[in-house]
Amino acid sequence: SRRRHTRYGTVTGVQTCSSDLEKTNLYLILGYLIILMAGPFGWFFLADELKFEHQVLLFCWLLTSSFFFPQLSSESTLRRMGIPIALTNGILLRILLIHAPSFYEDDFHRYIVEGHAYSNGLDPYVVSVEEYGQTVRSQSDTLTIEERRELNEHIKQAGYSWLSAIYPPLIIHWFSLAKNLLNLGYLTLVLELLILGICWFIIPDKNKYLLLLWLIHPLILMEGYLNKHYDILIGLCVLICLGCRLKKWYKLAGCAIALAIHMKGYALIFLPFFQKRIIWSALITLGILEVISYLWFPTRFDSGSSMGLFLSIWEFNNGIFTGCRIIAQNFWDSQTATLYLRILFMAFMGFGLIWLYQCQHQVSISPFILVTLLFILFSPVVNPWYLLMSIPFFIFENKTARHWYLLSPCALYYFLFLSGDPLKALIVTTPATLLILALSLYKKQNTNPE
C-alpha cells in the first residue's frame, strides 16, 4: 500500500480504497444490468400479451430501474462499464422490447393506420382512423387477407379512432415506411444507432462516455421500444443539437433543435436558453419546415381539425391541473373551467420561463433541467414519453446524479392504469411526484465554516 501525507496525518491503503470503489461501481453496474435484463426476458417468455401480474412486474421493474439509474450516471462508472457491455445490452434489450407486447398503449396502432392511409394517397388530416377502416373494408383487391386482417386489428385498437391525425407530415411519412410494428421498431433502432454513431464522432472525447446513458436509460427502453413512441426521434434530434453545440457548430445545432420542435411543439420551451446563433438558425429552419409542412398538407390546421381539439381539451397525468379543474367546476361549467385553467397554467409556465431566462446565470442548476421541471408542474398533459426530449439535457447539462431523480416520477404514470381508476390514483401519485421532485432539488447547506 501507499502512504499519503495530509494535514490530518498519514493515510495508508490508498490502493485498497481505490479497489473498493472500483468493486462498488462494478456491483452497481452488474446489479443494474440484471434488473434491466430481467424485465424484458420475463415479459418476452411469459406470454404473448401482458396479464395483470406481468403488468405489476413491469411497473416494479420500471420503478426500480428508474431509481437505480442515477447511481450509474458518473463518467467513472460508465468507463468501467465500457462500450461493448453497454452497446450489447442496449441492443439486446431493444430487440427484445420490439417483439414484446406493449403496456397500456395504443398510439402505435394509429401510427400504422395513418402511415398506411398516407401511402394510399389519402389525407390523414381529413380522414379519421374510423373512416379509413371503412375504406379498407371496401379494398378487396389491393390487400392480401393477412394484410387486411392486421390492418383491421390496428384500426380496431387505435385510441380516439374518430379523430384524424395530429402528427406533423414528416412523422406521418416516417410511419408510412413501416408496414407493421416490427418494421417500425427496427427502423427506429437502425436510425438510433446511426445517430449515436454520428454523435460519438462529433462529441469531444471527455464527453463521449456520457452517450452510454442514452443506451441504458429505462424510459428510452420503455417508451421508445416497448410502447414504440416516435418521441424517441425528438430526443435524438436534441442529442445531435447538443453534440453540435459542444463542437460549436451552432448552425447545425439550430437545425437539429428546429427539427425537434417541428416534430413536437413542446420542445420550443427549451429554445430561449441556447446561444443566440443557435436560436436564429433554429427559427429560420423552423420557418422553412412549417412552410413546407403547410404546402404539403394545408388541411393540418383547418378549423375543426384534431390538432385544435388536442390543444383545447387534452388533459392527463397532471394531478395539480386535474385537482384545480375539479375545484373550478364548482364555479363554472366543465368547458369554461378547463379553458380558464389552461390559460392560468400556461401563464404560470410563461412567467416561470421568463424568470428563469433572466436568472439563468444565477442558479446552480442547468436552465434546461429547470425547464423540464416547469413542464412537469404546469403542462396539462405530462405523458412520460414527452420527456424523452429532456434526457439529452440531463446527460450533458446535469451536474449531479441527484437531478436524474426528476425523471423518476415517470414510472408512477403506469400506476394510473394498474389502479383501475386513474382519477383516484392521482391522489397517490401527485404527492409522491411532488415529494420526489423536492428531494431531487434539495441541497443540504454546508454548515461547517472553512
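Ser 66 counts as buried because its relative accessibility is 10%, where buried means under 20% relative accessible area, exposed means over 50% and partly exposed lies in between, all with a 1.4 Å probe and protein chains only. This serine sits in helix 2 (residues 52-68); helices (H or I, at least four residues) and strands (E, at least two) are DSSP runs numbered from the N terminus. Once neighbours within four places in sequence are left aside, Ser 66 is in contact with Pro 218, Ser 408 and Ala 411, contact being heavy atoms within 4.5 Å. The model is a predicted one, in which local features need pLDDT of at least 70 and side-chain atom pairs count only at pLDDT 80 or more, while totals for chains, interfaces and linings use all residues. Residues are numbered from 1 along each chain as its sequence is written, and side-chain values use heavy atoms, with hydrogens and water left out.

With that starting point in hand, the whole protein can be described. Its secondary structure comes to 21 helices and two strands. Of its 450 residues, 52% are buried. Among contacts between residues at least 6 apart in sequence, 75% join residues at least 24 apart. The protein exposes about 22100 Å², and carbon and sulfur atoms supply 63% of this area; accessible areas come from the Shrake-Rupley method with a 1.4 Å probe, and for residues only the protein chains shown count as cover.

The inside of the model comes next. The largest nonpolar core has 129 residues, and Trp 214, Ile 257, Phe 274 and Ile 391 touch the most other members. Such a core is a set of buried Ala, Val, Leu, Ile, Met, Phe, Trp, Tyr and Cys residues joined through side-chain atoms within 4.5 Å. Helix 12 (residues 231-246) gives this core its largest share, ten residues. Apart from this core lies another, of eight residues, including Val 113, Tyr 132, Val 136 and Leu 151. As a general point, nonpolar side chains in soluble globular proteins tend to be buried together. For Trp 214, the contacts beyond four places in sequence include Ile 232, Gly 235, Leu 236 and Leu 239, as well as Leu 388, Ile 391, Pro 392 and Ile 395.

Not counting residues up to four places away in sequence, Val 129 touches Arg 110, Val 113, Ile 155, Ala 158, Ser 161 and Leu 163. From Val 129 to Tyr 160 the step along the sequence is 31 residues, and their C-alpha atoms are 8.3 Å apart in space.

A search of the whole structure finds 40 aromatic pairs; rings of Phe, Tyr and Trp (its six-membered ring) pair if their centres lie within 6.5 Å, with planes under 30 degrees apart counted as stacked, over 60 as edge-to-face and the rest as tilted. The Phe 348 and Phe 378 pair is tilted, because the ring centres are 5.7 Å apart and the planes meet at 45°. Phe 348 lies in helix 17 (residues 334-359) and Phe 378 in helix 18 (residues 367-378), so the pair ties together parts 30 residues apart in sequence. Phe 348 is partly exposed at 37% relative accessibility, whereas Phe 378 is buried at 19%. Tyr 413 and Phe 417 form an edge-to-face pair, 5.3 Å centre to centre with 75° between the planes. Here Tyr 413 is buried at 4% relative accessibility, and Phe 417 is partly exposed at 23%. One aromatic cluster is formed by Phe 103, Tyr 104, Tyr 266, Phe 375, Trp 385, Tyr 386, Tyr 413, Tyr 414 and Phe 417.

Tyr 104 also has a backbone feature to notice. Its phi is near 50°, a positive value in a residue other than glycine. Most residues other than glycine have a negative phi. Tyr 104 lies in the loop between helix 4 (83-99) and helix 5 (107-119) and is partly exposed, with a relative accessible area of 35%. Lys 228 has a positive phi too, near 55°. This lysine is placed in the loop between helix 11 (218-226) and helix 12, and at 7% relative accessibility Lys 228 counts as buried.
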